[in-house]
Amino acid sequence: MDRQNRYDRPIRIAEGIYWVGFYEERTNLHCNPYLIVEGEGAVLIDGGSRPDFAVVMTKILQTGVDPKKIEALIYQHYDPDLCGSISNMIDICENPGIKILSETSNSVFINYYIEKTRHHLFKTIDMDNNFFAFQGRTVTFFSTPYCHNEGSFVTYDKKTKTLFSSDLFGSFSSKWDLFLHLTKECYTCPDYNNCPNGNDYCPIPDIIDFHRKIMPGGKALQYAMKVIRGIDIEIIAPQHGSVLTGKKDIGFVIDLLASLDGVGIDAYL
Ligand SMILES: [Fe+2]
Ligand SMILES: [Fe+2]
């Protein structure tokens with residue numbers, strides 16, 4: 001099956017968690033919205049841009065979830081690639097009790113995506129009481145300030161040990177696959193341009209390049225990695241790039257990012 005067909009449907013990445021993004025051969029950046037389904041309810045994470053709304057909603061419908069059952073839309077920062085379709089989501093979900101969840105400082109900008117009559121739907125996440133429970137499932141939020149907005153945070157699903165990391169662990173993915181494929185040779189590879197496994201594409205330089213360009217500086221990235229290192233994670237589901245699975249690959253990429261130089265403004269100093 002070619003990539004276009006393989007990704008022409010929602011993909012289950014863990015129990016009750018679906019990738020509802022899409023593959024385009026020619027795109028600037030692949031975006032990954034995720035749907036968490038539990039019982040009669042669901043939650044959408046980083047729902048996507050305005051131009052991508054139709055295809056993301058089609059994927060949501062293909063999971064079999066009735067959009068009216070979506071209880072919350074979580075936005076882990078305020079960029080247009082994840083927030084652009086908020087108004088469309090509110091329209092189609094037709095749930096008057098739907099919650100738009102984000103950190104306080106993000107609300108200043110997220111409100112510009114939403115008609116004023118709907119601003120009451122925005123519910124601030126209290127980072128000191130940092131969880132959202134629905135249908136007996138709980139997701140927990142961890143603050144990762146300035147990675148890459150002041151109010152950026154990540155979301156953890158305890159049931160599957162999945163971390164939704166927003167732009168962290170993202171990639172420009174010039175050759176995209178939903179899942180990251182690393183081998184033990186990658187952990188000690190001295191030259192990413194000369195793959196010891198003979199592969200013609202190495203995903204690591206695109207991950208490095210993404211963080212150097214998108215994150216504001218090494219300190220912010222190091223702080224985020226310290227926070228994330230303290231969480232028991234089996235899957236990392238980023239908003240761009242590929243899903244990471246397994247503690248070894250995850251640990252390797254955390255170490256890589258925690259020690260990365262030339263991040264953001266650091267490259268100019
Ligand atoms: Fe962003
Ligand atoms: Fe993004």
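Of the protein's 269 residues, 41% count as buried, meaning that 20 or more other C-beta atoms, placed from the backbone, lie within 10 Å of a residue's own. You're looking at a predicted model, where local features need pLDDT of at least 70, side-chain atom pairs count only at pLDDT 80 or more, and totals for chains, interfaces and linings use all residues. Residues are numbered from 1 along each chain as its sequence is written, while chains are lettered from A and ligands numbered from 1 in the order in which they are written.

Start with the whole thing in cartoon view. You'll find 9 helices and 13 strands, which are DSSP runs (helices H or I, at least four residues; strands E, at least two) numbered from the N terminus. The C-alpha atoms fill a box of roughly 55 × 45 × 35 Å along the principal axes.

Next, select Y34, L35, V43 and L73. These have the most contacts inside the largest nonpolar core, which has 64 residues. Such a core is a set of buried Ala, Val, Leu, Ile, Met, Phe, Trp, Tyr and Cys residues joined through C-beta atoms within 7 Å.

Stay on L35. Beyond its neighbours within four places in sequence, L35 is in contact with Y18, V20, A42, L44, I60, T63 and V65; contact means C-beta atoms, placed from the backbone, within 7 Å.

Now jump to G264, in the segment after α9 (247–258). Is G264 buried or exposed? G264 is buried, because 20 other C-beta atoms lie within 10 Å. Not counting residues up to four places away in sequence, G264 touches M215, P216 and G217.

Methods: Buried ≥ 20, exposed ≤ 12 C-beta atoms within 10 Å, placed from the backbone. Contact = placed C-beta atoms within 7 Å.
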